[in-house]
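Here are my notes for your read-through. Please keep the model open beside them.

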Amino acid sequence: VEKIVEEVSRTYNVNAEELRSSNNRSAYISKPRQVAIYIVNELTNLTQENIGKEFGGRDHSTIKYAIDTTNKKMKQDSKLKSIIEDIIKNCGSE
């Protein structure tokens, strides 16, 4: 999870603590956070409840929403899909 958060932070040029924070809901941080949540869900065996704990104690329904939303956006936006694929590649390369 740490590596994924670091990689998403670097890609989107945002602070890793902000990604995990429960306080910040502004758009510039919520999109990268949704991407991070999606990738954590893809690459780990964590439950949605545990992913929620990693991201500021969010409810599992919030995690499900982030995953579903990112999935939908990826189908409509090939640039986003390729960014996410690159992040996944970078996370798996070590």
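1. Start with one pair of side chains. Arg-20 and Glu-54 form a salt bridge, with N and O 2.9 Å apart. Arg-20 belongs to helix H2 (residues 16-20) and Glu-54 to helix H4 (residues 48-54), so this pair ties together parts that are 34 residues apart in sequence. Bear in mind throughout that this is a predicted model.

2. How open is Glu-54? Its relative accessible area is 31%. Glu-54 therefore counts as partly exposed, since that class runs between the 20% and 50% cut-offs.

3. Glu-2, Arg-20 and Glu-54 are linked in a network of salt bridges. Side chains of opposite charge can pair when their charged atoms come close.

4. How many salt bridges does the structure hold? The count is 6. Two further ones, each within a helix, are taken up next.

5. Look at helix H1 (residues 2-12), which contains both Glu-7 and Arg-10. They sit 3 residues apart, about one turn of the helix. Their side chains form a salt bridge, and the closest N and O atoms are 2.3 Å apart. Are the two partners buried or exposed? Glu-7 is buried, at 8% relative accessible area. Arg-10 is exposed, at 57%. The labels follow from the cut-offs, because under 20% means buried and over 50% means exposed.

6. Helix H6 (residues 78-92) holds another pair, Lys-81 and Glu-85. The spacing here is 4 residues, again about one turn of the helix. Lys-81 bridges to Glu-85 with its closest N and O atoms 3.1 Å apart. Lys-81 is partly exposed, with 38% relative accessible area. Glu-85 is also partly exposed, at 37%.

7. Now the helix packing. Helix H3 (residues 27-43) and helix H5 (residues 60-76) have axes that come within 8 Å. The axes cross at roughly 95°. H3 and H5 are therefore roughly perpendicular to each other, because angles from 65 to 115 degrees fall in that class.

8. Which residues make this contact? H3 contributes Gln-34, Val-35, Ile-37, Tyr-38 and Asn-41. From H5 come Ile-63, Tyr-65, Ala-66, Ile-67, Thr-69, Thr-70, Asn-71, Lys-73 and Met-74. What is the make-up of the contact of H3 with H5? It divides into 8 nonpolar, 5 polar and 1 charged residue.

Terms used. Residues are numbered from 1 along each chain as its sequence is written. This is a predicted model: local features need pLDDT of at least 70, side-chain atom pairs count only at pLDDT 80 or more; totals for chains, interfaces and linings use all residues. Side-chain values use heavy atoms; hydrogens and water are left out. Axes are lines fitted to C-alpha atoms, for helices over the stretch in contact, and angles run from 0 to 180 degrees between N-to-C directions. Helices (H or I, at least four residues) and strands (E, at least two) are DSSP runs, numbered from the N terminus. Angles under 35 degrees count as roughly parallel, over 145 as roughly antiparallel, 65 to 115 as roughly perpendicular and the rest as oblique. Contact means heavy atoms within 4.5 Å. Ala, Val, Leu, Ile, Met, Phe, Trp, Tyr, Cys and Pro count as nonpolar, Asp, Glu, Lys and Arg as charged, and the others, Gly among them, as polar. A salt bridge is a side-chain nitrogen of Lys or Arg within 4 Å of a carboxyl oxygen of Asp or Glu. Buried means under 20% relative accessible area, exposed over 50%, partly exposed in between (1.4 Å probe, protein chains only).
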